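Welcome to this guided tour. Please open the structure in your viewer and keep the selection tool at hand.

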Amino acid sequence: MRLHQGILQEGYNQYHANKHDEHSNPHGIINLGTSENKLCFDLLQKRLMRPDMLHIEPAFLQYPDWKGHSFLREEVSKFLSDYCRSPKPLKPENVVVMNGCGSLFSALAATLCDPEAKFTIFHNVTLPYYSEFHVALQLYFYLYFIVLVQPTGSDVRPFQLTVEKLENSLKEAKKEGLNIKALILLNPHNPLGEVYSSEELISFLQFAKMHKLHVIVDEIYMLSVFNEADTFRSVLSLDGLPDPQRTHVMWGVSKDFAMAGMRVGMVYSENRDLVQALDQLGCFHGVPGPTQYLMAQLLRDRDWLNSEFLPENRHRLREAHSFMIEELKKLDIPFLHRSAGFFIWADLSKYLKEKTFAEELSLWRCFLKHKVLLSCGQAFSCVSPGWFRIIFTDRLHKLQLGLTITLIHISKQHSSDPCN
């Protein structure tokens, strides 16, 4: 945990202490490592400054229902029913709202696992994976977090998850005496950008039911699939979940609404005991009343979402992604060509002096020294040195500048020390 947290936090701290700004700090750090969408501030600023957002009432300034104000949970249930294409309306009483999906994941871990059990373990799906789950799992008490599924897929999907891999991994865990409690699915995947088909989702859920595992499905990038040829299918769109009492779906506004600073996440679960348990932890993870009002207003404004924000956001994502992949192609850098999320999983191993994680970390520190923050593969528990997650959701001139600085120094790799 400390390794993962240390690498990501080190870069993030340095970035915040020395942010690039073309006017006030032109030599600061350009952040191509943190998964934020910085493409749509103009759209959000215009919408958030409309008169209907300027509202306050006593309930907003008082202690709320810790699951979230009823007006927000009502809008969340309607929103998820529509955008997840649920076959029947989702119920507000199954919604819990907290200050971000990280908080939700921490609370879910605390409620689903037994703190007294020596081997209470969450089982993630595949390598690489979003490693901040480590931090969230251990907020309330120490929980083991293991990754057993190795990346042995095809050339087209080299990190592909299959039920066979899950079965083999579960057998190995049981041989070691480990108690697997839950399966975590990221769809779309971070950092790979993979989007699972409905057939794959059903097979994973059936596997979990067979072994009585809870499934936490993180769908925080569900509206950030920007290629019209790719179809995202939410777990909530399935006509009859294999085990609804053990299936819990998370979503939030940080990614799809480009509002990471708002800190609003939500989980939908038909498990009433779980919802009540989350309610007990809500006082530690509450969302301010005025923020809940703003979110409800956005969620109910379908005209703005459907005709302005979502199509323009997808267009800008597609445009920025196209720019980045063309630059990588020019350099003959291998990468996964996916159409979801804010990132490209790229293989920079040819720039390592040795194929080791020590060299990967050295290259990462080199980029950071020269004012470009990327995320290296070992921060995501990747088993092969040299992979990096590159964020493309920033303004074009920032991407161009960041790439230029990066390429200048990796081009020196074979002739001299690139960190000079």
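Helices (H or I, at least four residues) and strands (E, at least two) are DSSP runs, numbered from the N terminus. This is a predicted model, in which local features need pLDDT of at least 70, side-chain atom pairs count only at pLDDT 80 or more, and totals for chains, interfaces and linings use all residues. Residues are numbered from 1 along each chain as its sequence is written, and side-chain values use heavy atoms, leaving out hydrogens and water.

**Stop 1: a loop residue.** Select A258, in the loop between α8 (253–256) and β8. Its phi is near 55°, a positive value in a residue other than glycine. Most residues other than glycine have a negative phi, and most peptide bonds are trans. A258 is buried, with a relative accessible area of 15%; buried means under 20% relative accessible area, exposed over 50%, and partly exposed in between (1.4 Å probe, protein chains only).

**Stop 2: another positive phi.** Now pick S381, in the loop between β11 (375–376) and β12 (387–391). S381 is not a glycine, yet its phi is positive, about 60°. At 16% relative accessibility, S381 counts as buried.

**Stop 3: two cis bonds.** Go to the loop between β5 (179–186) and α7 (198–210), where you will find P188. A cis peptide bond joins N187 and P188, with omega about -5°. P191 lies in the loop between β5 and α7 too, and N190 is joined to P191 by a cis peptide bond with omega about 20°.

**Stop 4: a covered strand.** Select β2 (residues 95–98): are its faces covered or open? Both are covered, with V95 and V97 buried on one side and V96 and M98 buried on the other. In a regular strand the side chains alternate between the two faces of the sheet. M266 in β8 is the bridge partner of V97.

**Stop 5: two helices.** Show α4 (residues 101–112) and α9 (residues 272–281), whose axes come within 10 Å and cross at roughly 120°. Axes are lines fitted to C-alpha atoms, for helices over the stretch in contact, and angles run from 0 to 180 degrees between N-to-C directions. In α4, A107, L108, A110, T111 and L112 meet L274, A277, L278 and L281 in α9; contact means heavy atoms within 4.5 Å.

**Last stop.** Finish at I325 in helix α11 (residues 302–330). I325 is buried, with a relative accessible area of 6%. Leaving aside neighbours within four places in sequence, I325 is in contact with F335, H337 and I344.

Terms used:
Two strands pair if DSSP finds at least two bridges between them.
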